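Subject: Structure for your review

Dear colleague,

Please find below the structure that I am handing over to you. My findings follow it.

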Amino acid sequence: VQLQASGGGLAQAGGSLSVSCVASGRAFSTYVMGWFRQAPGKEREFVAAITSSGVIIYYADSVKGRFTISRDNAKNTLYLQMNSLKPEDTAVYYCAAARYGSGIYSTLSNRYNYPYWGQGTLVTVSS
């Protein structure tokens, strides 16, 4: 599967942005999808994940209650709605895909379990 992320941009603290990720191929609905982010000088970190059917969703504690992950399998698209943005949300956001039957948090939050990655899109939050 090939992934193309878009959206992001510049927002003020307290504002909102959304990013999306379009997947190529016909098997999007069979993939677990995740969002990760990487700030300058930091490791890539987990943001959110959603299972293939959308039934199970996980968030990092740092974004819980502010970000919403969703997917539209008919459109081969993954979304991340980001509200109440903070300067520390500034990062390049990456979408990722994997085929797993497990819906366990430790599996879905681990970036090393995702073999397919989009190119990343920059989100900048000013204070």
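A nonpolar core is understood here as a set of buried Ala, Val, Leu, Ile, Met, Phe, Trp, Tyr and Cys residues that are joined through side-chain atoms within 4.5 Å. Please note that the model is a predicted one.

The nonpolar core

The largest core of this kind comprises 38 residues. Within this core, Trp35, Leu78, Leu80, Met82 and Tyr93 have the most contacts. Two or more residues each are supplied by β1 (3-7), β3 (17-23), β4 (32-38), β5 (45-50), β7 (67-72), β8 (77-82), β9 (91-98) and β11 (121-126). The largest share, six residues, belongs to β9.

When neighbours within four places in sequence are left aside, the residues in contact with Leu78 are Val19, Ser20, Cys21, Phe28, Met33, Gly34, Trp35, Ile50, Ile69, Ser70, Arg71 and Cys95. Two of these partners, Phe28 and Arg71, are in contact with Leu78 and also form an arrangement of their own: Arg71 is placed over the face of Phe28, 4.5 Å from the ring centre.

Aromatic residues

Eight aromatic pairs are present in the structure. In one of them, the ring centres of Tyr114 and Trp117 are 6.3 Å apart and the planes stand at 65°; because an angle over 60 degrees counts as edge-to-face, the pair is assigned to that class. Tyr114 is buried, since its relative accessibility of 5% falls under the 20% limit. Trp117, by contrast, counts as partly exposed at 25%.

Both residues belong to one aromatic cluster, together with Phe36, Phe46, Tyr58, Tyr94 and Tyr105.

Backbone angles in two loops

Which residue in the loop between β7 and β8 deserves a remark here? The residue is Asn76, whose phi is positive, at about 55°, although Asn76 is not a glycine. With a relative accessibility of 17%, Asn76 counts as buried.

A positive phi, near 50°, is also found for Ser84, likewise a residue other than glycine. Ser84 is located in the loop between β8 and β9. Its relative accessible area is 40%, so Ser84 is classed as partly exposed.

Yours sincerely

Terms used: Residues are numbered from 1 along each chain as its sequence is written. This is a predicted model: local features need pLDDT of at least 70, side-chain atom pairs count only at pLDDT 80 or more; totals for chains, interfaces and linings use all residues. Side-chain values use heavy atoms; hydrogens and water are left out. Buried means under 20% relative accessible area, exposed over 50%, partly exposed in between (1.4 Å probe, protein chains only). Helices (H or I, at least four residues) and strands (E, at least two) are DSSP runs, numbered from the N terminus. Contact means heavy atoms within 4.5 Å. Rings of Phe, Tyr and Trp (its six-membered ring) pair if their centres lie within 6.5 Å; planes under 30 degrees apart count as stacked, over 60 as edge-to-face and the rest as tilted. A charge sits over a ring if NZ of Lys or CZ of Arg is within 6 Å of the ring centre and within 35 degrees of the ring normal.
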